[in-house]
Amino acid sequence: MDFAQKRFFKVKNPSQHFLCALCSTPRQMKYKRNLSITNYLQLTLLGGSLTYFLYPLFGAKTLFLTFILWMVVEVANKILYRNELPCPYCGFDATWYRRDVKVAKKKVQDFWNERNPQAPAEENSEPMQVNNSNLNAGKPAINDELSAS
Ligand SMILES: [Zn+2]
């Protein structure tokens, strides 16, 4: 059985499939860390038409408008990506795992405490057992993040 094809949470038009590095459940993500070529083409087209129609009104300021539009789209994509990244099943966030394992561990613990408030908070010092092959499966998302930080 190909577990990568199974899913519990439905993601519309997923752009990437991988297994969660902590709980090994199949994951899909709609957003990528960086915009795609198609997105840039759309931005160029939109910016071009904006410039074409608004240039007579605002002159050179229209070019700034295009850059502001570009920045807004980039930031929006980044926020959506960051919101989507933590695993919906276990709360594992690969970006935080790469950046700071303690923070990543705390995020997973908070995730479980939120869902199961009756359980006593575990205070063990065991390192998080992360499946490295799964972590590498999510490579496009994670390695880009690593090289950027
Ligand atoms: Zn998970």
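The structure is a predicted model, in which local features need pLDDT of at least 70 and side-chain atom pairs count only at pLDDT 80 or more, whereas totals for chains, interfaces and linings use all residues. Residues are numbered from 1 along each chain as its sequence is written. The secondary structure of the protein chain comes to six helices and two strands, where helices (H or I, at least four residues) and strands (E, at least two) are DSSP runs numbered from the N terminus.

**Overall fold**

- Along the sequence, the elements of the protein chain follow the pattern β-β-α-α-α-α-α-α.
- Of the 149 residues in the protein chain, 13% count as buried; a residue is buried if 20 or more other C-beta atoms lie within 10 Å of its own, exposed if 12 or fewer, and partly exposed in between, with C-beta atoms placed from the backbone.
- Among contacts between residues at least 6 apart in sequence, 51% join residues at least 24 apart, a contact being two residues whose C-beta atoms, placed from the backbone, lie within 7 Å.

**Strand pair and its loop**

- Strand 1 (residues 16–19) and strand 2 (residues 26–29) run antiparallel and are joined by four bridges, where pairing of two strands requires that DSSP finds at least two bridges between them.
- Within this pair, His17 has Gln28 in strand 2 as its bridge partner.
- The hairpin has six residues between the strands, and Ser24, which lies in that loop, has a phi near 65 degrees, a positive value in a residue other than glycine.
- Most residues other than glycine have a negative phi.
- Ser24 counts as partly exposed because it has 16 C-beta neighbours inside 10 Å.
- Cys20 also has its place in the loop between strand 1 and strand 2, but Cys20 is buried because 23 other C-beta atoms lie within 10 Å.
- The C-alpha atoms of Cys20 and Gly91 are 9.8 Å apart in space, although these residues are 71 apart in sequence.

- Lys30 is placed in the loop between strand 2 and helix 1 (37–58), and with 13 C-beta neighbours inside 10 Å it counts as partly exposed.
- Leaving aside residues up to four places away in sequence, Lys30 touches Val11, Lys12, Asn13, Pro14, Ser15 and Glu84.
- A separation of 9.8 Å is found between the C-alpha atoms of Lys30 and Leu85, which are 55 residues apart along the chain.

**Packing of helix 1 and helix 2**

- Helix 1 and helix 2 (residues 61–84) pack at an angle of about 150 degrees with their axes 8 Å apart, the axes being lines fitted to C-alpha atoms over the stretch in contact, with angles running from 0 to 180 degrees between N-to-C directions.
- That angle makes helix 1 roughly antiparallel to helix 2, since angles under 35 degrees count as roughly parallel, over 145 as roughly antiparallel, 65 to 115 as roughly perpendicular and the rest as oblique.
- Residues of helix 1 that meet helix 2 include Leu43, Leu46, Gly47, Leu50 and Thr51, and among those they meet in helix 2 are Leu65, Thr66, Leu69, Trp70 and Val73.
- Thr66, in helix 2, touches Gly47, Leu50 and Thr51 when residues up to four places away in sequence are not counted.
- Thr66 is partly exposed, with 17 other C-beta atoms within 10 Å, and its C-alpha is 7.4 Å from that of Thr51, 15 residues away in sequence.

**Nonpolar core**

- The largest nonpolar core has eleven residues, namely Cys20, Ala21, Leu22, Leu85, Cys87, Phe92, Ala94, Tyr97, Ala104, Val108 and Leu135; such a core is a set of buried Ala, Val, Leu, Ile, Met, Phe, Trp, Tyr and Cys residues joined through C-beta atoms within 7 Å.
- Two or more residues of this core come from each of helix 3 (94–99) and helix 4 (101–115).
- Leu22 touches Cys87, Cys90, Phe92, Val108, Met128 and Val130, again without counting residues up to four places away in sequence.
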